[in-house]
Every structure is written in structure tokens, then in C-alpha cells.
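Colleague: Could you take me through this model and tell me what stands behind each label you use?

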Amino acid sequence: MTTTFVSPRLMMIGGGSVAKLAEVLAQFGLSRPLLVTDPWMVSSGTVEKALAPLRAAGIAPGVFSDTVPDPTDAVIEAGVAAMKGGDYDCLVGFGGGSPMDTAKAMAILGAAPPGAKMRDFKVPAQANRAALPVICIPTTAGTGSEATRFTVITDTERDEKMLIAGLGALPLAAVVDFELTYSLPPRITADTGIDSLTHALEAFVSKRANDEADEYALRAMRLIAPNLRTVYREPSNAIARAAMMKGATLAGIAFSNSSVALVHGMSRPIGAHFHVPHGLSNAMLLPAVTEYSLNAALPRYAEAARAMGVATAAEGDQSAAARLLQELRDLNRDLAVPTPAAFGIDAAKWDGLLPTMAAQALASGSPANNPAVPGAEEIVALYRRAWAG
């Protein structure tokens, strides 16, 4: 059996590594970057942590900062116009998942013929071409986008979050500096942390799991699970922050080389229709979807529980898996994860959109990777179960 495995060509990991950004570009002969970020990174001055070392090296970077929390096809088109309007030789995605996903999508759309739309690259299409190489610098320990061959973009006409996959979305390099996460508020720390845990768990139980991706998923869970509550309560804990950042990147490598599954398939429509942050919508769904899936991959869920440290090696699979499910419920409680109802989503709108959300979840392809593969009615039932927790 042959396994295909992909990852960035270069990864620089460690506190303070963003200061070496110019060195990373130089290794690839790059010197004319367009930095893709968000308005807060600019207004807060955080973007200077990436811009300053470039300027010190005699590089004059451009900046595109019009990204939005759920990247849209309209923003990508604006970004491509900015990219083609300058003499750039690379893109640098600086921020959380949204700026990084925006940069990757810009590279993909920029390589397409005139008139192409982002929806042309929605899975099952393969987005393997990129106009420019992308370097990613995450400022949250969550999405793992710095290491994946995926980007998620919202189709504004259809109100649909589209999964786009291919080598065109794979960054050339990643600079992974945990010190960039110190200023994150507790809510974002929690949501992005559960996002990364979901990546690792789904990669491990996916029908497309493989030995190579498994190693990264297990390492990620060993790093994330013991440290997530700590970074939530102690934002300045360097050891915990470093573990979370490395865990998020390892989880990204894991699911990039296997897949995500039902949680992510169901999560994207929640984000598209109700503008719930991606990690938070994952957290809302994770206990209910895990309970639904548990017996279809009991040994895998049990092994995940042992990797997370919530079950011992001596425990049987049934007991270990039950401990995992309880841990996911406890984690949501300890990190103050709201239910969709508590988040303030209108009950009638939620109920009315369930068939549409189920259809969009299935169309994404992710539910087919789940240990237990649901139909539309089962997905609707899971949305209803998650509604009030």
C-alpha cells in the first residue's frame, strides 16, 4: 500500500521565530512579499512583528488587510486584484485561519483563467495550481492551516462554506511562533484549541487514516489535551502555549494527510449561516458527534483517550472510549462553550435551515470519512441534539 504524504518544504518552529521571516524568504530566493492579514492585526500593531524583520532586511512588503473572519469569495477576488496589481513574488499569510486561508485561496484563484470563481475549486475538484508560493505565520494555536492542503471559503451567493483542497493550498513554508499567541483572549484560545483537538481526533478516527498521519495525530493529542485548560486559565504560561502551538501544527499535518470527518462537515454550515467562529461550532458538535460515532471505531477512540491522558493503558476500549466522551463534555463545560441556543441563534431559523445544512454537510464530502457515515436525517437529528447540549 502506498501512502501520499505532503507538508510544507520548510517549517521554522519556536518562540521568536517570526523575527527570522526574512531568512525564510531568502532561502527560496523570495524578496517581494504581499502580506495578507486582517484589520485588527494592523490596528493593534501586531502585524509589525512580521513587517519589521522584513524592512530590517531591506524588503518593502505590500499589505492586504481586508480579510474577514469567514473568508468570502468576494474578498478573495479583491485580494487577487491587489496581488496582480503589484510586482509580488510570494504571499505571506499572517494571522489566524482566516488570513492564512485567504492567502492560499488568492494563490489558487490567481492561477486560474480569467472569469474563474472560487466555487470552481470546491471539492471534489483538485486545486493543485498556485500563482505564487505562500508562507504562513499562524497567530492562533488552532486551524493548522499553515501546514495543510486545504482552505475554506464562503460562497456569498449560496451562503455556503466551501472546502477547497489541493497542492495549490499547501504552503511553501511556515513560521510557527508560539509567542504570537500570548495576547489572545480566553475565548479565542479556547475555540482555536478545541479546533486543533478536533483536527487530531478526526484525523485519527477517519476512514482515510494512515500510519504516517496517525503519528502526527497522536502526538498532537498528547500535546493539546493536557495544556488546553492551562492556556485558557493562564494565558502567559509559555510551556503550555508552546505545546498548544506545536500541537495545532501537528494536527494540521495529520488531517492534511488523512482528512477531517463529520464534525467539520456539520460545522461549516453553522459558520456560514449563523457566523459562529469555526472552532466554536466544532466544539458545539464534538460531544454529540463523538457519541454517535463511538461504537463504529471503538478501538480508535479508546486509543485517542489514552493519548489524551484521560484513560490508562490497562483500561478496556469501552471504558476508555466512555472516558473520552466524558472528557469532551467536561472540556466544553470548563471552557464555557455555549450551545447553539445559548449562543443566541434563533430557534426557528435553526430548525428551518436544518435540511439545507445537512445537505451542505454531505456535499462537503467530510461526513463520508466518518467512522459511522450518516444520512441527511441522521445529520438533522445530530444538529437537534447539539442545539441545547
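Predicted model: local features only at pLDDT ≥ 70, side-chain atom pairs only at ≥ 80, totals over all residues.

Colleague: Why are H11 and H13 called roughly antiparallel?

Modeller: Helix H11 (residues 278–293) and helix H13 (residues 317–334) pack at about 165°, with axes 9 Å apart. Axes are lines fitted to C-alpha atoms, for helices over the stretch in contact, and angles run from 0 to 180 degrees between N-to-C directions. Angles under 35 degrees count as roughly parallel, over 145 as roughly antiparallel, 65 to 115 as roughly perpendicular and the rest as oblique. H11 and H13 are therefore roughly antiparallel. As for the names, helices (H or I, at least four residues) and strands (E, at least two) are DSSP runs numbered from the N terminus.

Colleague: Which residues make H11 and H13 meet?

Modeller: Ala283, Leu286, Pro287, Thr290 and Glu291 in H11 meet Leu324, Leu325, Leu328, Arg329 and Asn332 in H13, where contact means heavy atoms within 4.5 Å. By class, the contact of H11 with H13 has six nonpolar, two polar and two charged residues. Ala, Val, Leu, Ile, Met, Phe, Trp, Tyr, Cys and Pro count as nonpolar, Asp, Glu, Lys and Arg as charged, and the others, Gly among them, as polar.

Colleague: What makes H15 oblique to H16?

Modeller: The axes of helix H15 (residues 347–363) and helix H16 (residues 376–387) come within 9 Å and cross at roughly 140°. That makes H15 oblique to H16. Among the residues that meet are Trp350, Leu354 and Met357 in H15, with Ile379, Tyr383 and Trp387 in H16. By class, this contact of H15 with H16 has 13 nonpolar, no polar and two charged residues.

Colleague: And why is H6 called oblique to H11?

Modeller: Helix H6 (residues 186–205) and H11 have axes that come within 8 Å and cross at roughly 50°. That makes H6 oblique to H11. The H6 side of the contact includes Arg187, Asp191 and His199, and the H11 side includes His278, Asn282 and Thr290. The classes in the contact of H6 with H11 are five nonpolar, six polar and three charged residues.

Colleague: What counts as the largest nonpolar core, and which residues have the most contacts inside it?

Modeller: A nonpolar core is a set of buried Ala, Val, Leu, Ile, Met, Phe, Trp, Tyr and Cys residues joined through side-chain atoms within 4.5 Å. The largest has 77 residues, and those with the most contacts inside it are Leu201, Met221, Met266, Trp350 and Tyr383. Not counting residues up to four places away in sequence, tryptophan 350 touches Ile270, Phe274, Pro340, Ile345, Met357, Tyr383 and Trp387. A second, separate core of 27 residues includes Met83, Ile108, Met118 and Ala169.

Colleague: How do you know whether glycine 271 is buried or exposed?

Modeller: Buried means under 20% relative accessible area, exposed over 50%, and partly exposed in between (1.4 Å probe, protein chains only). At 1% relative accessibility, glycine 271 counts as buried. Glycine 271 lies in helix H10 (residues 262–274). Leaving aside neighbours within four places in sequence, glycine 271 is in contact with Asp70, Lys161 and Val276.

Colleague: And serine 267, buried or exposed?

Modeller: Serine 267, also placed in helix H10, counts as buried at 1% relative accessibility. Beyond residues up to four places away in sequence, serine 267 touches His278, Ser281, Asn282 and Leu285.

Colleague: What is the phi of histidine 275, and is the residue buried or exposed?

Modeller: Histidine 275 has a positive phi of about 55° although it is not a glycine. Its place is in the loop between H10 and H11. At 56% relative accessibility, histidine 275 counts as exposed.

Colleague: How exposed is alanine 336?

Modeller: Alanine 336 is partly exposed, with a relative accessible area of 46%. Its phi is near 55°, a positive value in a residue other than glycine, and alanine 336 is placed in the loop between H13 and helix H14 (340–343).

Definitions and conventions: Residues numbered from 1 in each chain as written. Heavy atoms only, no water.
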